[in-house]
Amino acid sequence: MKNIHADKVLILDFGSQYTQLIARRVRELGTYSEIYPWDIAIEKIIAFNAKGIILSGGPESVTLQNTPEISNEILKLGIPVLGICYGMQAIAKQLGGEVEESNQREFGYAQVNIESGSELLAGLSDQTVEKNNAVLDVWMSHGDRVARLPNGFNVIASTDSAPIAAIENKQQKIYGLQFHPEVTHTKKGKEILGRFIHDICGCGSDWTSVNIVHESIENVKLQVRGDQVILGLSGGVDSSVVAALLHKAIGEQLTCIFVDTGLLRLHEGDQVMETFAQHMGVKVIRVNAEQRCLKELKDEADPEKKRKIIGNLFIKIFEEESSKLSNAKWLAQGTIYPDVIESAGASTGKAHLIKSHHNVGGLPEDMKLKLVEPLRELFKDEVRKMGEELGLPYEMIHRHPFPGPGLGVRILGEVKKEYADLLRLADDIYISELRAYGLYDDVSQAFAVFLPVKSVGVMGDGRRYDYVIALRAVETIDFMTARWAHLPYEFLDHVSRRIINEIDGISRVTYDISGKPPATIEWE
């Protein structure tokens, strides 16, 4: 079997909102990639054994003091290096060039003129202008610019406001781009990254969904051997793909524990049992934990504490159920790579912790079961492709993300059964109408939120004083940044009227028009 990790690219993160996108683009080109913080120890970089290194953009300015720098040791490893935006500026400064604040900043669409003879960009063009000069349509996002090249470097692209828009040193195989090839707005971005990864770094294209499935199955077999494995099955994309993968790898050794916390979507429990137990033949134990969960959450309004309470309850139930099995030693989880990255701040201190993730932040220290996390290296789009490869239904694997704590973090403040029941009905109306209008696949994530405040309303001749529902829908590529979805007014009007007219207890519906940042996608 091929070693699909043999050829790999390391991305060093300088704080760019696009860093995960770089890693995903590399993987889409068939090469494995990982993200490390910019100041990771050089020994770990060497141990990773990458064939190429990409330096991300970032919000800092290399013209200021105490900003992130590139280690000279990285540039002396003999490994091809590509700096993007801040990464290019950091290379220029580190090697003796000069970076200055630009009088004319560039944010958004731009055209760069390509110089002939470039190893990285030669032959690429979106259009041609006078004297047959090649021009690329790209996406810029910078306030500083390289003013003077380091020794040994050549200019390979320019704009009117940034005469040094891309650089390369063929001998040392060090390259820099002031623009962002990882975003779709840079039309030839995929070709540029492909040229660096395949032609310059010499990486192959073995990172495919077919190979990932085969390797994951073999790894699971080697890891758990003859032991019994328990999986916390939620019905979401990640846990569903893990269930299908483990069932294929170890068959009867897998027992799924489906914990119905009372915080799931309408009829979700029955749908999960039908899909896995009846159609796929997976062993599934359903545990009704609604009363237990609501009791644990009583009087708790803090979002982080609610997450930890629900996460710990999951683990307790898993351990209780595992004690009934003769050889249960493993707990399987649907942890994916963005969970690991976004929660990194808790342990490394190199990133700000936005929120703990259920899969990686809610485990008790004295947990008796060992962890098996076959999706831990994968991005969400890779998980979905794996699900397709494993034969899961399209509707299941292309379902919008659902948080591990369920409706517990979509009910603001204290969680009560009354709130959960109202929210379930509202969310079902919203999602069913998105599907009916053909809008469901146009948005990346949509859901309803329960606000524990009452608003005055009028129904017929009577005065109502009932709760408020907020609707949320976002469009995003990487879930690290997002914009609110511009749903049609007539659609929102229809959904609002259905929710208020059909659900006794709701008097008002609002629509959330906050982007990420500054807001998060979920409300808690």
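An open sheet of five strands is present, ordered β13-β12-β11-β14-β15 and paired in parallel. Helices (H or I, at least four residues) and strands (E, at least two) are DSSP runs, numbered from the N terminus, and two strands are taken to pair if DSSP finds at least two bridges between them. The edge strands, each pairing on one side only, are β13 (284-288) and β15 (370-372). From one strand to the next, the twist averages 30°. The model is predicted, so that local features need pLDDT of at least 70 and side-chain atom pairs count only at pLDDT 80 or more, while totals for chains, interfaces and linings use all residues. Residues are numbered from 1 along each chain as its sequence is written, and side-chain values use heavy atoms, with hydrogens and water left out.

Within the sheet, strands β11 (residues 228-232) and β12 (residues 254-260) run parallel and are joined by four bridges. I230 stands opposite T255 in β12. Helix α8 (residues 268-280) lies across β12 and β13, at about 165° to β13. Axes are lines fitted to C-alpha atoms, for helices over the stretch in contact (heavy atoms within 4.5 Å), and angles run from 0 to 180 degrees between N-to-C directions.

Q445 belongs to strand β16 (residues 445-459). A polar atom of the Q445 side chain lies 3.2 Å from the backbone oxygen of P401. Beyond neighbours within four places in sequence, the residues in contact with Q445 include H400, P401, R410, R472 and F479.

Note on methods. A polar contact is a pair of N or O atoms within 3.5 Å; within protein, one must be able to donate a hydrogen and the other to accept it, and residues adjacent in sequence count only if both atoms are side-chain atoms.
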